[in-house]
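Subject: Structure handover

Hello,

Here is the structure for your files. My notes on what I found in it follow below.

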Amino acid sequence: RVLSAVMDCALNCFESDAPASTPAPKVYVTGHSLGGALAQLFSTDLACNVEVLVDPASAANHNAVVGVSKRRARRNSFGGADSGAGGEGGGGGGGDLNAYYPCQFPIACYTFGQPRVGNAAWSKFFARRVPHCFRVVTEGDVFVTVPKASFSLAKGKLAVYQHTGVEVVLDDAATGTICVAPTAVESTFRFSKGYYSIANHF
């Protein structure tokens with residue numbers, strides 16, 4: 001319900017009237033804790049189900065840099081039906097969809113202290129759809145270690161959860177030390193205190 005409400009709000013923004021040659025928007029999605037997990041899910045929904053339709057003439061005038069003079073956003077654009085969104089300038093009007101180039105606008109996802117969202121297959125899928133994702137964690141935060149796994153009685157399978165996105169670790173001593181995409185060696189010898197702290201989540 002939360003994601004649906006946010007998506008409706010985002011689509012209203014994308015479909016609003018815009019002046020000629022408006023560049024395709026870059027969308028930043030962020031969240032803390034469970035909100036970070038929702039941010040990854042919302043980013044995936046945007047990447048898979050929403051596209052901007054670009055006027056070919058406008059794009060040519062900007063030396064192949066996407067410029068949007070006639071813009072529409074559609075849910076379920078990959079094989080789904082058009083939602084009936086906007087025409088000229090993204091408002092009403094019902095222009096011909098085939099007259100525009102569909103493209104995915106850039107999406108950046110930043111999360112803070114988020115739990116795991118899915119398994120290894122989800123992690124790979126998300127990385128393909130939303131490659132610009134940074135997952136910021138404070139050293140020792142226990143909430144970033146859950147959930148670890150779940151067992152499906154119906155399928156008789158154990159699902160192991162796995163993080164996705166580029167990890168950014170903050171020193172729990174608040175010294176300003178950060179480590180971007182720590183290696184196994186760095187994680188073992190630099191960040192080796194264990195993730196047991198609730199206070200570090202906040």
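In helix 4 (residues 120–129), Trp122, Ser123 and Phe126 are buried, where buried means under 20% relative accessible area and exposed over 50%, with a 1.4 Å probe and protein chains only. Seen down the axis of helix 4, the buried residues fall within an arc of 100 degrees, so they line one face of the helix; the arc is that of the directions from the helix axis to the C-beta atoms. Ala121, Lys124 and Arg128, on the other side of helix 4, are exposed. The cover over the buried residues includes helix 2, strand 6 and strand 7, with contact meaning heavy atoms within 4.5 Å.

This is a predicted model, in which local features need pLDDT of at least 70 and side-chain atom pairs count only at pLDDT 80 or more, while totals for chains, interfaces and linings use all residues. Residues are numbered from 1 along each chain as its sequence is written, and side-chain values use heavy atoms, leaving out hydrogens and water. Helices (H or I, at least four residues) and strands (E, at least two) are DSSP runs, numbered from the N terminus.

Strand 6, helix 4 and strand 7 form a right-handed β-α-β unit; right-handed means that, with the strands pointing away from the viewer, the path from the first strand over the helix to the second runs clockwise.

Strand 6 and strand 7 are parallel and pair over four bridges, with Phe112 opposite Val136 in strand 7. Strand 7 (residues 133–138) also runs parallel to strand 10 (residues 166–170), joined to it by five bridges. Here Phe134 stands opposite Val166 in strand 10.

Regards

Terms used: Two strands pair if DSSP finds at least two bridges between them.
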